[in-house]
Amino acid sequence: MKTAKSPAKSAAKSKPAAKASAKTRPMLINGKWVQALGGGSFPTFNPATGLPIANVAAGEKADVDLAVAAARAAFETGPWSRLTASERGRLLLRLADLLEKNLEEFATLESLDNGKPLGVARVADVPLAIDLFRYMAGWATKIHGRTFPISVPYAPGARFHAFTQREPVGVVGQIIPWNFPLLMAAWKLGPALATGCTVVLKPAEQTPLSALRLGELIQEAGFPDGVVNIVTGYGETAGAALAGHPGIDKVAFTGSTEVGKIIVRAAANDLKKVSLELGGKSPNIILDDADLATAIPGAASAIFFNHGQCCCAGSRLYVHKKHFDKVVEGVAAAAKKIKVGPGHLPDTEMGPLVSEEQLARVLGFLESGKAQGAKPLAGGTRAGDKGYFVQPTVLVNTKPGMKVVEEEIFGPVVCAIPFTDVDEVVAAANNNIYGLAAAVWTTNVSRAHTIASALRAGTVWVNCYNIFDAALPFGGYKQSGWGREMGEEALSLYTETKAVCIRL
Ligand code: NAI
Ligand code: MG
């Protein structure tokens, strides 16, 4: 795996690229670090250079079978099943503390594997993951049912005591993407463990390293064997085996809308529960009364944060005609100023895209946009010829119906579109298959409320963008997904409600 010959993260898709060697990172199944039964492994690459950084085990169906069996045993008969809610909460707190102790190492791993600037991983990815575990630890002891007055017309005079209790949904398969590898693991594991579920987690093949290291901390924190199993592997093999596995009760997925639909079909066989956090094409609306001094840098960071590799990226920028030129020039100037480079360099503000596949996809969008008449005011091409860098790009002269306007690009590319009328811009904003996030910039509180209500999106930011908190639910309308992660809402993704009715 040493040759630099095949830089594509996707090059070895589906088939394990090599036999495991002594250096192959093992995966966590039933408390043991093991190689794949089939003996396969695959490389993960540094996106800044295209060179391999490590080899990990290529889990497949047989490995998923073992992991699911371990999670089932842990759920039904293991010590986990007898822990109190308070003990579960304390384990989560311990995990958060361990993560905090190793913050620098996790930030480094995340930057190396995903390409993002180290400074960003240090202040965003890792602290948000720590916070999420602490927040969910608090919920472990607050998951309770209610009592109900019962009036049964056909049982006159009878008395009942009726109540609900919330129970863990069971064994959960969790499939996560590469854009925020550790944070996505935390969003998935936090509520699952707070509620008492057990888990088989499959990290993205592009970025498995932080999840594997997290597995070590999960053991160090004292979670019993089999409660969290981490199987590395490709989507079409390990992921598909997990999504369709008859031994799991629920699958939670974050990734492309295309694969989200495959997950739903795989889960349909036995109607396992499904939650999905999928794509977006989020509208970011600057009204004529906006404070441009905050809206312009806000619009730039809405799209360029994490290189545009955010499901909620503000990729359709609607600007009132009055300010259109000033705003697009401001965003284009911000784009040109962004320091693009390898994530480990201290002055880097934007790293490479995660993989050669994503580079090709984003460049394909740029070509299609230009061919259809869109004009780049900044960027518009690849940056350099090594690694997977793309220039931060601002497109104008777009038309409704163009691929760049309608589809998720998942790169640092924003389409700026002028408007004159508020109703018209709300209709345009909502006229998309996605509904994950949206934003509005205005100094008029009444318009802020009215537009926030009218936007069909799971999150609406007003005079800000990309603000996340463990307490705030996150998820999508329409084809952006099913269910809400984070906040109290996340608990309902991992619990069943049981009604108990006792005749007195
Ligand atoms: P993807 O949806 O293929 O990958 C996400 C996860 O799903 C990975 O762990 C992958 O191994 C797994 N997976 C893939 N195929 C599977 C299958 N058949 N069964 C079960 N699991 C499977 O996303 P990909 O190919 O990495 O990126 C493609 C596009 O998806 C991006 O350009 C972007 O538009 C979107 N995306 C959205 C994300 C989000 O946060 N909503 C995150 C990553 C990608
Ligand atoms: Mg894919």
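A polar contact is a pair of N or O atoms within 3.5 Å; within protein, one atom must be able to donate a hydrogen and the other to accept it, and residues adjacent in sequence count only if both atoms are side-chain atoms. The structure is a predicted model, in which local features need pLDDT of at least 70, side-chain atom pairs count only at pLDDT 80 or more, and totals for chains, interfaces and linings use all residues. Residues are numbered from 1 along each chain as its sequence is written, chains are lettered from A and ligands numbered from 1 in the order written, and side-chain values use heavy atoms, without hydrogens or water.

An oxygen atom of ligand 1 lies 2.9 Å from a side-chain N or O atom of Gln 358. For the side chain of Glu 408, the corresponding distance is 2.6 Å. For Asn 179 it is 3.4 Å. The protein covers 93% of the 810 Å² of accessible area that ligand 1 has on its own (Shrake-Rupley method, 1.4 Å probe).

The shell around ligand 1 holds 27 residues, each with a heavy atom within 4 Å. Ile 176, Trp 178, Glu 205, Ser 256 and Glu 408 come nearest. The shell divides into 14 nonpolar, 8 polar and 5 charged residues. Domain 1 (10-278 + 482-500) and domain 2 (283-470) each supply at least three residues.

Helix α5 (residues 181-195) has 15 residues. Its first and last C-alpha atoms are 22 Å apart, close to the 21 Å expected at 1.5 Å a residue. Because 15 of its 15 residues are buried, α5 is largely enclosed by the rest of the structure; buried means under 20% relative accessible area (1.4 Å probe, protein chains only). Just after α5, Gly 196 takes a positive phi of about 100°.

Methods:
Ala, Val, Leu, Ile, Met, Phe, Trp, Tyr, Cys and Pro count as nonpolar, Asp, Glu, Lys and Arg as charged, and the others, Gly among them, as polar. Domain bounds come from an automatic or database domain assignment. Helices (H or I, at least four residues) and strands (E, at least two) are DSSP runs, numbered from the N terminus. The expected span of a helix is 1.5 Å times one less than its number of residues. Buried means under 20% relative accessible area, exposed over 50%, partly exposed in between (1.4 Å probe, protein chains only).
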